[in-house]
Amino acid sequence: GKSAVSDMLRGLGVPVSDADAIVHAIYAKGGAAVEPLSREFPGVVIDGAVSRPALSKAVLGDAAALKRLEALVHPLVRAARRDFL
C-alpha cells in the first residue's frame, strides 16, 4: 500500500514525507515531543526519549488522555510536514 508507493517514489528520487518517521523523530532524544509529553504524562520519557510502550500504557483506555496526547503531538507533526514542504 502506502509504504510500497513511498518506497517507489523514493527510488525515483522523489522526497516523501512519512508521518510515522516524523513521530519517531519527535519522540527521540532531543525531539520536540519529549518535553511536553514528559510534563503531561510523567514517566513516559526514559533515557531522554519517549517510550512508546510507556506512553501507550498511559493513554490506553483513557479517552481524555488520548485527546491530550493528540493535542500535543498532532501540531508537531503538522509543523514538520509544513517544514518538509
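1. Buried means under 20% relative accessible area, exposed over 50%, and partly exposed in between, with a 1.4 Å probe and protein chains only. By this scale Asp18 is partly exposed, at a relative accessible area of 30%. This is a predicted model, in which local features need pLDDT of at least 70 and side-chain atom pairs count only at pLDDT 80 or more, whereas totals for chains, interfaces and linings use all residues. Residues are numbered from 1 along each chain as its sequence is written, and side-chain values use heavy atoms, with hydrogens and water left out.

2. The nonpolar core. A nonpolar core is taken as a set of buried Ala, Val, Leu, Ile, Met, Phe, Trp, Tyr and Cys residues joined through side-chain atoms within 4.5 Å. The largest such core has 17 residues, of which Ile26, Tyr27, Leu37, Phe41, Leu55, Leu69 and Val73 touch the most other members. At least two residues of this core come from each of α2, α3 (34-40), α4 (52-59) and α5 (63-84). Helices (H or I, at least four residues) and strands (E, at least two) are DSSP runs numbered from the N terminus.

3. Contacts of Leu37. Contact means heavy atoms within 4.5 Å. With residues up to four places away in sequence not counted, Leu37 touches Tyr27, Pro42, Val44, Val50, Leu55, Leu69, Leu72 and Val73.

4. Helix α2. Its buried residues are Ile22, Val23, Ile26 and Tyr27. Viewed down the axis of α2, these residues fall within an arc of 125 degrees, so they line one face of the helix; the arc is that of the directions from the helix axis to the C-beta atoms. The cover over the buried residues of α2 includes α3, β2 (49-50), α4 and α5. Ile22 and Arg78 are 56 residues apart in sequence, with a C-alpha to C-alpha separation of 9.5 Å. Arg78 belongs to helix α5 and is partly exposed, its relative accessible area being 47%.

5. Helix α4. Here Ala54, Leu55 and Val59 are buried. Seen down the axis of α4, the buried residues fall within an arc of 125 degrees and so line one face of the helix. The exposed residues Pro53 and Lys57 are carried on the face turned away from the buried side of α4. Among the elements that cover the buried residues of α4 are α2, α3, β2 and α5. Just after α4, Gly61 adopts a positive phi of about 80 degrees.

6. Ser51 touches Val44 and Ile46, where residues up to four places away in sequence are not counted.

7. Salt bridges. A salt bridge is a side-chain nitrogen of Lys or Arg within 4 Å of a carboxyl oxygen of Asp or Glu. By this rule the count comes to 4 salt bridges. One of them joins the side chains of Glu40 and Arg68, with the closest N and O atoms 2.4 Å apart. This pair links distant parts of the chain, with Glu40 in helix α3 and Arg68 in helix α5, 28 residues apart. Glu40 is partly exposed, with a relative accessible area of 32%, and Arg68 also counts as partly exposed, at 34% relative accessibility. Elsewhere, salt bridges that share partners join Asp7, Arg10 and Asp18 into one network.

8. The bridges of Arg10. The side chain of Arg10 meets that of Asp7 in a salt bridge of 3.6 Å, N to O. Both residues, Arg10 and Asp7, lie in helix α1, 3 residues apart, which is about one turn of the helix. Arg10 also meets Asp18 in a salt bridge, at 3.8 Å from N to O. Arg10 counts as partly exposed, at 36% relative accessibility.

9. The surface patch. Patches are made of residues with over 30% relative accessible area and no salt bridge, like charges being joined within 9 Å and nonpolar side chains (Val, Leu, Ile, Met, Phe, Trp, Tyr) within 5 Å. Val5, Met8, Leu9, Leu12 and Val14 form a nonpolar patch on the surface, together having about 470 Å² of accessible area, computed by the Shrake-Rupley method with a 1.4 Å probe, where for residues only the protein chains shown count as cover. Val14 lies in the loop between α1 (2-11) and α2 (19-27) and is partly exposed, with a relative accessible area of 36%. Val5 lies in helix α1 and is partly exposed at 44%. The C-alpha atoms of Val5 and Phe84 are separated by 18 Å, and the two residues are 79 residues apart along the chain.
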